[in-house]
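Have the model open in your viewer and keep the selection tool at hand. We will go from one stop to the next, and at each one I will tell you what to pick and what is there.

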Amino acid sequence: MKDLCKTYVGNNIKMVHNKIDTLFTKETNKLFSGLTNTQYLVLIYLGEENDKCALQKEIETKFELSHPTTVGIIKRLSVQDLVVTRPYEKNKRQKEVMITSKGMSLLTSIKNGPRSILNKVDNDALAGFSEEEKNQLNNYLYRINDNLNEF
């Protein structure tokens, strides 16, 4: 009989996810207590990629999150004074999310830049992999994600 924990791809992905999430949380908590992986990614998205502001719906789409999950992430970031929200001027039913000066200070305070934590976690997880293997793994994960988008 096949080993239940090693045979199924979904279970292996879940175990890897849990370990990466734990490592990531450990690294981010050195900077700011209570910051999760996804919260950190949203801060980077707002601070680096999206000119410090995005619609809540854009965050949902970018990170493939449900509406309630996104609301919770933004609420926790707001409580920590890392982001603020306001109704979107062009459509009051939508929320605009902006990184605060405290959020920007957090990102700029990170030695070697905010993505250095992401790079460290990736390097730890992929130690011993060649660049080709890393790219191949990433491509496989994208394909799995695309396959599951159909459901």
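Two strands count as a pair if DSSP finds at least two bridges between them. Keep in mind throughout that this is a predicted model.

**Stop 1**

Select residues 83-88, strand β2, and residues 91-99, strand β3. Together β2 and β3 form a hairpin, with two residues between them. How many bridges join β2 to β3? There are six, and the two strands run antiparallel. To see one of the pairings, pick Y88 and look across to β3, where its bridge partner is N91.

**Stop 2: the other neighbour of β3**

Click on A54 to find its bridge partner in β3, V97.

**Stop 3**

Colour the two by accessibility: R86 is partly exposed at 43%, whereas E96 is buried at 13%. The cut-off for buried is under 20% relative accessible area, so E96 at 13% falls into that class.

**Stop 4**

Next, select residues 56-63, helix α4. Here the side chains of E60 and K57 form a salt bridge, with N to O at 3.6 Å. Why are these two about one helical turn apart? Because they sit three residues from each other in α4.

**Stop 5**

Move on to residues 131-149, helix α8. Show K134 and E131, whose side chains meet in a salt bridge of 3.4 Å, N to O. These residues, too, are three apart within their helix, so about one helical turn separates them. E131 is exposed, with a relative accessibility of 53%. Then select E27, K30, K120 and D124: salt bridges that share partners join these four into one network. A search of the whole structure finds seven salt bridges. As a general point, side chains of opposite charge can pair when their charged atoms come close.

**Stop 6: zoom out**

Finally, show the whole chain. It has eight helices and three strands, arranged along the sequence as α-α-α-β-α-α-β-β-α-α-α. The C-alpha atoms fill a box of roughly 55 × 40 × 25 Å along the principal axes. Of the 151 residues, 28% are buried. Among contacts with a separation of 6 or more, 50% are between residues 24 or more positions apart.

The accessible surface comes to about 10,400 Å², and carbon and sulfur atoms account for 53% of that. Colouring by charge brings up 22 positive and 19 negative side chains, and the centres of these two sets lie 6 Å apart.

Methods: Residues are numbered from 1 along each chain as its sequence is written. This is a predicted model: local features need pLDDT of at least 70, side-chain atom pairs count only at pLDDT 80 or more; totals for chains, interfaces and linings use all residues. Side-chain values use heavy atoms; hydrogens and water are left out. Helices (H or I, at least four residues) and strands (E, at least two) are DSSP runs, numbered from the N terminus. Buried means under 20% relative accessible area, exposed over 50%, partly exposed in between (1.4 Å probe, protein chains only). Contact means heavy atoms within 4.5 Å. Accessible areas come from the Shrake-Rupley method with a 1.4 Å probe; for residues, only the protein chains shown count as cover. Lys and Arg count as positive and Asp and Glu as negative; His and the chain ends are not counted. The place of a charge is taken as NZ of Lys, CZ of Arg, CG of Asp or CD of Glu.
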